[in-house]
Amino acid sequence: KNYFLISLFSLTFALIRWSILDKEFPLIGWSNLQKKAMRIKELSKQNIGSSIDLKLMKKIVSDQVFPILDARDIESYNEGSIDNSINFDSELLMDGDEEILSKLDKFVQSLSADRIIVYCWNPDCDRAEILRAFLIDFGILESNISIYENGWDEWSSFSDELLK
């Protein structure tokens, strides 16, 4: 009888404590944080290099585990961009625009991911490389920056195919 009371008492307090905690700790199943951590671990096993192909980019975008930076101008970004990407116009960075430099600094300071994906128009566009250089200047390790070289041109044609 004592064991039953102790078990019931423990279970009651455990449920009360769980209801007070952040809901990121579900009683059954995985939390969103745990799922994201598993996706990051899975992608890390793929040994992401300095350049990314379309197949891997699709996975990165769908899993939303790494920040994606668009190095194109703001007008092009507003016309279309990869889902959840953040725009840092590399031309403005080169011109020393204080607002964009401050935005990049805040981004780097708040960064929690160990990998950053950068893209531009296509392999002929050097804006992604420029943004990569600024990220390195702001303290990001070069090995933690990957470039989606085929960029927006490939991604937009892929997106157009999905809409057909």
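Visitor: What pattern does the chain follow, read along the sequence?
Guide: Along the sequence the pattern is α-α-α-β-α-β-α-α-β-α-β-α. That comes to 8 helices and 4 strands, where helices (H or I, at least four residues) and strands (E, at least two) are DSSP runs numbered from the N terminus. This is a predicted model, so local features need pLDDT of at least 70 and side-chain atom pairs count only at pLDDT 80 or more, while totals for chains, interfaces and linings use all residues. Residues are numbered from 1 along each chain as its sequence is written, and side-chain values use heavy atoms, with hydrogens and water left out.

Visitor: OK. How much of the chain counts as buried?
Guide: Of its 164 residues, 34% do. Buried means under 20% relative accessible area, exposed over 50%, and partly exposed in between (1.4 Å probe, protein chains only).

Visitor: How many salt bridges does a search of the whole structure find?
Guide: It finds 4. A salt bridge here is a side-chain nitrogen of Lys or Arg within 4 Å of a carboxyl oxygen of Asp or Glu. One of them joins Asp63 and Lys59, at 3.1 Å from N to O.

Visitor: Where do Asp63 and Lys59 sit?
Guide: Both are in helix H3 (residues 54-63), 4 residues apart, so about one helical turn separates them. Asp63 is buried, with 10% relative accessibility, whereas Lys59 is partly exposed at 26%.

Visitor: Which other residues of H3 are buried?
Guide: Besides Asp63, the buried ones in H3 are Leu56, Met57, Ile60 and Val61. Just after the helix, Gln64 has a positive phi of about 50°.

Visitor: Let's switch to Arg127. Which residue does the Arg127 side chain meet in a salt bridge?
Guide: Asp89, with 2.9 Å from N to O. Arg127 belongs to helix H7 (residues 127-137), and Asp89 to the loop between strand E2 (85-87) and helix H5 (90-94), so this pair ties together parts that are 38 residues apart in sequence.

Visitor: Are those two buried or exposed?
Guide: Arg127 and Asp89 are both buried.

Visitor: And Glu129, which residue does it form a salt bridge with?
Guide: With Arg132, where the closest N and O atoms are 3.9 Å apart. Both residues are in helix H7, 3 residues apart, about one turn of the helix. Glu129 is partly exposed at 42% relative accessibility, and Arg132 is buried at 12%.

Visitor: At what angle do H6 and H7 pack?
Guide: About 60°, with the axes of H6 (residues 98-110) and H7 10 Å apart. The axes are lines fitted to C-alpha atoms, for helices over the stretch in contact, and angles run from 0 to 180 degrees between N-to-C directions. H6 and H7 are therefore oblique to each other; under 35 degrees counts as roughly parallel, over 145 as roughly antiparallel, 65 to 115 as roughly perpendicular and the rest as oblique.

Visitor: Which residues meet there?
Guide: Leu101, Leu104 and Val108 from H6 meet Leu131, Phe134 and Leu135 from H7, contact being heavy atoms within 4.5 Å.

Visitor: Last topic: where is the place of Pro123?
Guide: Pro123 is in the loop between strand E3 (116-119) and H7. Leaving out residues up to four places away in sequence, Pro123 touches Glu149 and Asn150.

Visitor: How far apart are Pro123 and Asp153 in space?
Guide: They are 9.5 Å apart, C-alpha to C-alpha, and 30 residues apart in sequence.
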